[in-house]
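Have the viewer open and follow along.

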Amino acid sequence: MNKIALFLFLFSSFLLKAQEEKTPKYYSFDANYFYGSILEHNPDIAHLITGHPTGVIFSWNQKTYGLKAWERRYNYPDFGYSFIYQDMKNQYLGENYGIYAHFNFYFFNRYLMFRVGQGVAYGSNPYDAEENYINNAYGSQLLSSTYLMGNFQKQNIYKGLGLQAGISIIHYSNADFKSPNNSTNTFAFNFGLNYLLHYEEHPDYIPKDPSEKKYTEPIHYNFAIRGG
């Protein structure tokens with residue numbers, strides 16, 4: 001009896017997994033060129049702001065169309081991975097290479113996209129007491145990095161190809177696990193292209209069900225006690 005129950009459990013698990021694997025997935029990618037300036041958030045890095053950083057942002061996105069309830073609830077966001085190359089335009093800062101996981105959220109009939117990405121970056125020219133003591137922004141080659149992007153975009157203008165342009169903020173820091181760590185923040189203008197892979201197969205967005213409201217109570221109270 002126990003063997004039969006175990007067999008039925010494993011068989012049902014296999015069926016559920018097979019159903020999950022059959023859920024179709026849709027992808028896109030985009031590429032952006034950016035040009036900007038390092039913000040002087042700390043006067044200690046003023047000597048490192050000598051040019052206008054440039055670079056590229058490549059991103060791979062998994063699209064959502066409301067096949068699951070959470071996709072409809074959050075207005076069909078994308079999630080995926082990014083790669084950023086940035087030339088800091090300063091010989092002491094060098095160049096940075098970062099990989100990120102990101103989410104894209106959409107507003108105004110999906111013409112406005114807001115992205116937040118978190119990842120790690122490699123700095124080519126960190127602080128060195130003898131060879132690069134001028135760089136007091138990055139105390140290590142391994143850096144934590146966050147970037148924000150806001151784009152006005154139009155997808156699938158012609159055979160899956162679209163356009164986008166907007167602004168980005170890219171932050172590099174090592175969380176002060178190795179000093180110095182004054183960090184940098186780059187404010188940049190970006191423009192680029194986006195492309196829907198197999199654009200003919202992408203479905204229409206499944207409309208939200210009125211019963212799927214986030215919250216229905218007219219009054220709500222929260223109480224919290226915190227200490228430290």
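## About the model

This is a predicted model, in which local features need pLDDT of at least 70 and side-chain atom pairs count only at pLDDT 80 or more, while totals for chains, interfaces and linings use all residues. Residues are numbered from 1 along each chain as its sequence is written, and side-chain values use heavy atoms, leaving out hydrogens and water.

## The barrel

Eight strands close into a barrel, running in the order S1-S2-S3-S4-S5-S6-S7-S8 with antiparallel pairing. On average, neighbouring strands of this sheet are turned by 25° against each other, direction ignored. Those angles run from 0 to 180 degrees between N-to-C directions, with axes being lines fitted to C-alpha atoms, for helices over the stretch in contact. Strands here are DSSP runs (E, at least two residues), numbered from the N terminus, and two of them pair if DSSP finds at least two bridges between them.

Within the pairing, Tyr172 stands opposite Thr184 in S8.

## The nonpolar core

A nonpolar core is a set of buried Ala, Val, Leu, Ile, Met, Phe, Trp, Tyr and Cys residues joined through side-chain atoms within 4.5 Å. Buried means under 20% relative accessible area, exposed means over 50%, and partly exposed lies in between (1.4 Å probe, protein chains only).

The largest nonpolar core has 20 residues, and Ile84, Leu93, Tyr138, Tyr147, Ile170 and Tyr172 touch the most other members. Strands S1 (26-38), S4 (95-107), S5 (112-123), S6 (142-158) and S7 (161-173) each supply at least two residues of this core. S6 gives the most, with three residues. Ile170 has contacts (heavy atoms within 4.5 Å) with residues including Phe34, Ile84, Tyr100 and Tyr147, not counting residues up to four places away in sequence.

## Three salt bridges

How many salt bridges does a search of the whole structure find? There are three, each defined as a side-chain nitrogen of Lys or Arg within 4 Å of a carboxyl oxygen of Asp or Glu. In one of them, the side chains of Asp30 and Arg115 meet at 3.1 Å, N to O. Asp30 lies in strand S1 and Arg115 in strand S5, so this pair ties together parts 85 residues apart in sequence. Asp30 is buried at 5% relative accessible area, and Arg115 is buried at 0%.

Asp78 and Lys63 form another bridge, at 3.2 Å, N to O. With Asp78 in strand S3 (residues 78-87) and Lys63 in strand S2, the pair ties together parts 15 residues apart in sequence. Asp78 is buried at 1% and Lys63 is buried at 4%. Lys89 and Asp87 also meet, at 3.5 Å, N to O; Lys89 is partly exposed at 38%, whereas Asp87 counts as buried at 19%.

Thr54 sits in strand S2 (residues 54-63) and is buried, with a relative accessible area of 13%. Leaving aside neighbours within four places in sequence, Thr54 contacts residues including Tyr33, Tyr85, Asp87 and Lys89.

His47 lies in the loop between S1 and S2 and is partly exposed at 38%. Beyond residues up to four places away in sequence, His47 touches Asn90, Ile134 and Asn136. The side chain of His47 reaches the backbone oxygen of Ile134 at 2.9 Å. The C-alpha atoms of His47 and Asn136 are separated by 9.8 Å, though these residues are 89 apart along the chain.

Technical notes. Helix = DSSP H or I, 4+ residues; strand = E, 2+ residues; numbered from the N terminus. Polar contact = N/O pair within 3.5 Å; in protein donor to acceptor, adjacent residues only side chain to side chain.
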